[in-house]
Amino acid sequence: MKKYIEGTVKSLPLAGLIEEAGTAKKYNTGTWGTFKPVFLEEHCIQCFFCWVYCPDSAVTVNEGKVVGFDYDHCKGCAICAYECPTKPKSIVMEKK
Amino acid sequence: MPELLALTGNDAVAYAMKQINPDVVAAYPITPQTSLMQKFADYVADGEVDTELVLVESEHSAMSATLGSQAAGARSMTATSACGLALMWEILGITSAYRLPVVMPVVNRALSGPINIQGDHSDTMGARDCGWIQIFSENAQEAYENTLQAIRIAEHPDVLTPIMVTLDGFIISHGLETVKVYDDAPVKKFLRDYQARYTLLDPSKPLTLGALDFSDYYFEHKVSQLQGMLKSPQVILDVGKEFYKTFDGDCCYGFYEAHEMKDAEMAVIVLGSTAGATRMVVDDLRSRGVAAGMIKIRSYRPFPYDEIARELANVKAVAVLDRSIAYGADGGPVHGDVRAALYGKHPVPVMSNYIYGLGGKPIDMEHIMGVFDDLKESIVKGHPKRRVGYINLKEGNTPSLVG
Ligand code: SF4
Ligand code: SF4
């Protein structure tokens, strides 16, 4: 994955500004976690709680359905697994 | 036509702020700054300025509000003193890092403790390394003119660095002086309209300001920030020259004022209001044939190292007056800077440092005359009579310099 900031003292934008929107996409935070969520589709009721609560927009949706996770941006915080209402859970955390 | 008004230093700075007409001013009262903002609040209430006056709950908030509105693209100001400046400390460094040209008058007052409301330089010296330009004023006239010039210096595209304009608490801030104020129209023309380098309020140009910056780029950004300070000396000189030409003023417009320095054998280096008394002592000594001189430093940050060294090239003895202590250092902060300026130069003058005026302790002409007496003795002996002396201090067994 491409590093967003490149440059030297002379070429960096003034004041540490990032002169472009949506650059979080280019920043791989997926390496930060110790755990990662694993999606168990068979228990899922498609309530979208995980999608709503994920602080990093890392729950992947395809054709109106939760299908898994964007591991380049998921930090492994486990909020999705905590909020998932099914019994047994449709999301379990695994050690990376 | 310029007008002569009877103004305190605080009134003079408030008058400058009225002419600047900032888009946003954040205010929180602290002695001895209070009457400055009170006066400015009058201008707001009377509709003489278009400023949005934000009354905040602390100086940390005052500086934060100023930073926020400046980042939004508005010309923004605040003012403070002493512990108020200390409470702003965190945001001072952020403001300079974001290259926001905020101009802030600081009415110098002793830092607590013990608690004290009178004038010394410990507040701005404490904030010395926050990346702000620091310009010292000798009197109300200079405080007025420095505030106007600071806008142009800070906002210069090569500089984009915030500025503290200082005036000594009570001595300048509350002393009534005749101040020459200039007409609104030429002042407005001199100040120019503010063109923000960036604004956070333009949806067509999305920006992130204040992103997390790790070891890969933090260092690079800090050195890039330094470039504004490094480019400021030329701008300080240019703006001073333009101000002088436009208004035919008679203040100090360079980095420092050299008074009777041409053939001076001994010199005193001083900041702020004490320059007035020092100048009178020098004139008195000159009338009696003594080759005395004075350097009054106006631009403390950036510090004019090379220029000060040149001024001192033929001086035999020099005393630096410091209105604050740099604990654990060699005397006061100005002393350290002057010593650094002289490194590698030959010959060097015999050098002493005098700490004075902490917490408003009076300094009179006799005290300064005593410093020159010491310098005379130092020249004869070839070494300083006192390396670090304390003026007008009840010192116990070691007699202090008594005027
Ligand atoms: S673990 Fe945290 S970051 Fe990853 S998908 Fe779940 S809520 Fe989002
Ligand atoms: S919270 Fe659980 S049940 Fe609801 S959509 Fe996400 S994985 Fe499925």
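Trainee: How do the residues of the shell around ligand 2 divide into nonpolar, polar and charged?
Mentor: There are 11 nonpolar, 3 polar and no charged residues in that shell. Ala, Val, Leu, Ile, Met, Phe, Trp, Tyr, Cys and Pro count as nonpolar, Asp, Glu, Lys and Arg as charged, and the others, Gly among them, as polar. Before you go on: this is a predicted model, where local features need pLDDT of at least 70, side-chain atom pairs count only at pLDDT 80 or more, and totals for chains, interfaces and linings use all residues. Residues are numbered from 1 along each chain as its sequence is written, chains are lettered from A and ligands numbered from 1 in the order in which they are written, and side-chain values use heavy atoms, with hydrogens and water left out.
Trainee: Which residues come nearest to ligand 2?
Mentor: Cys44(A), Cys47(A), Phe48(A), Cys50(A) and Cys84(A), out of 14 around it. A residue is near if one of its heavy atoms lies within 4 Å.
Trainee: And what is the class make-up around ligand 1?
Mentor: That shell has 9 nonpolar, 1 polar and 1 charged residues. Among the residues there are Cys54(A), Phe69(A), Lys75(A) and Gly76(A).
Trainee: New topic. How many aromatic pairs are there over all chains?
Mentor: The search finds 16. Rings of Phe, Tyr and Trp (its six-membered ring) pair if their centres lie within 6.5 Å; planes under 30 degrees apart are stacked, over 60 edge-to-face, the rest tilted.
Trainee: Why is the pair Phe48(A) and Trp51(A) edge-to-face?
Mentor: Because their planes are at 65°, with the centres 5.8 Å apart.
Trainee: Why is the pair Phe303(B) and Tyr305(B) tilted?
Mentor: Their planes are at 55° and their centres 4.7 Å apart, so the pair is tilted.
Trainee: Is Phe303(B) buried or exposed?
Mentor: Buried, at 8% relative accessibility. Tyr305(B) is partly exposed at 31%. Buried means under 20% relative accessible area, exposed over 50%, partly exposed in between (1.4 Å probe, protein chains only).
Trainee: Last topic. How many residues are in contact between chain A and chain B?
Mentor: 16 residues of chain A touch 18 of chain B, contact being heavy atoms within 4.5 Å.
Trainee: Which residues in chain A lose the most area to chain B?
Mentor: Val9(A), Leu14(A) and Leu17(A), together 36% of what that side buries. The two chains bury about 1,500 Å² between them. That is the accessible area (1.4 Å probe) lost on being put together, summed over both.
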